[in-house]
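Welcome! Take a look at the model below, and then let us walk through two parts of it together.

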Amino acid sequence: MARVRLEKVWKRYGSVEAVKDLSLECQDREFLCLLGPSGCGKSSTLRMIAGLEFISEGSIYIDDKVVNNVDPYKRDIAMVFESYALYPHKKVFENMAYPLRVQKLPEADIQKRVRRAAEILDIAGLLERWPRQLSGGQKQRVAIGRAIVRDPKVFLLDEPISHLDAKLRTHMRGELKRLHRDLDATMIYVTHDQLEAMTMADRIVVLNLGVLQQVGTPDEVFNHPRNKFVAGFLGDPPMNFIPSQLQKKGKGYKVVHEQFTLELPDSISRKLIARQSSDSVEVELGLRPESFDLSSKQPDGCDMQGKIYVTEPLGEDVIIDITLGNEKIKAKTVIGQAWQIDEPIYMRVKHDRIHLFDKTTGESLLM
Ligand code: ADP
Ligand code: MG
């Protein structure tokens, strides 16, 4: 059993504030992803949990114990880095056995633990090889194996697969997720890759500039982003943001842009009534590329009309870049229809997929 809790944690390097007032909790056996762009404070956070970095302010708990002043090796945590840091002059077996030798465990125990970890990771056939005889993916497995043999309370993984090629990364995503289940362990996983976080995490912690943006399940952060940053960071191609006016219309609301007027459904208007006071405010209309029904002929109830700028076929799907007045937006649909450059395209917006953000603060108006 292992929970990790951060309470109002700060990390300062001189005048750089890398982590600002961060509070969060990782539940027992949870797969928690810290997600955000490079430099947002992910590694600093992980290294403070591991005890490799001094905590400037605040407290970190493992289970119910404050560990701020506990030495790293006494925290019962194993960390896996992006660089595998294998010992080149030790064979795979000895690389994996190393932390156990440091602990001076009996030889029989070491043999048992290394072989079990090797089986879990499917590298039992590689134990007699030298690191230079391994592929990138195999090296990363050995590095993970070295963490597993210690049977720690908590695994901390800092972009462990970021540098692998795309195909291997996809493969390792599945492997790591399965490993989490097999070990029944608490894992905190750092990545800048939203797809990794979406596919692997039980919950995602989104960070930007050292500040917590949102914590939630992949579904929550993807479908109910609290602000424009979260909305734009998750999803590929990213959400389209269209600067518009939000105006009252009778009992409801509409979004007005020089190219279109979008009447908002009651479900959204009800949320807006609760918070909007003025009759007209500047907003960013947020629409994911998947939120449109597209047609080359004008359908009934068409919300917007644009012009096809270019098409990007993806095999099953196609991304269509559309010019909408001064805006460029991307829409995604299944392949099949012949879309012609410079021809008009008609868009119907899936009304349950509309997002609205305050133009100034970037906060969602629908939370
Ligand atoms: P991430 O892992 O999300 O890329 P980091 O935690 O490594 O982010 O860094 C967060 C911020 O702190 C960055 O602005 C980085 O330049 C700064 N930083 C990290 N480590 C140090 C250090 N040892 N000294 C000074 N600044 C640092
Ligand atoms: Mg980092």
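This is a predicted model: local features need pLDDT of at least 70, side-chain atom pairs count only at pLDDT 80 or more; totals for chains, interfaces and linings use all residues.

Residues are numbered from 1 along each chain as its sequence is written, chains are lettered from A and ligands numbered from 1 in the order in which they are written, and side-chain values use heavy atoms, with hydrogens and water left out.

**The sheet**

Strands (E, at least two residues) and helices (H or I, at least four) are DSSP runs, numbered from the N terminus. Two strands pair if DSSP finds at least two bridges between them. E16 (residues 304-313) has antiparallel pairing with E19 (residues 344-349) over four bridges. With E17 (residues 317-324), E16 pairs in the antiparallel sense over six bridges. Lys307 has Pro344 as its bridge partner in E19 and Thr323 as its bridge partner in E17. Further along, Pro313 stands opposite Val318 in E17.

These pairs belong to an open sheet of five strands, with antiparallel pairing and the order E15-E19-E16-E17-E18. At the edges stand E15 (292-295) and E18 (327-334), each with a single partner strand, so one side of each is left without a neighbour in the sheet. On average, neighbouring strands of this sheet are turned by 45 degrees against each other, direction ignored; the axes behind such angles, which run from 0 to 180 degrees between N-to-C directions, are lines fitted to C-alpha atoms.

**Around ligand 1**

Which residues surround ligand 1? They are Tyr13, Ala18, Pro37, Ser38, Gly39, Cys40, Gly41, Lys42, Ser43 and Ser44, where being near means having a heavy atom within 4 Å. Helix H1 (residues 42-50) gives the largest share of this shell, three residues.

The table lists polar contacts, that is, pairs of N or O atoms within 3.5 Å.

| Residue and atom | Distance to an oxygen atom of ligand 1 |
|---|---|
| Gly39, backbone N or O atom | 2.6 Å |
| Lys42, polar side-chain atom | 2.9 Å |
| Ser43, polar side-chain atom | 2.8 Å |

Taken alone, ligand 1 exposes 560 Å², and the protein buries 57% of that; accessible areas come from the Shrake-Rupley method with a 1.4 Å probe.

Conventions
A polar contact is a pair of N or O atoms within 3.5 Å; within protein, one must be able to donate a hydrogen and the other to accept it, and residues adjacent in sequence count only if both atoms are side-chain atoms.
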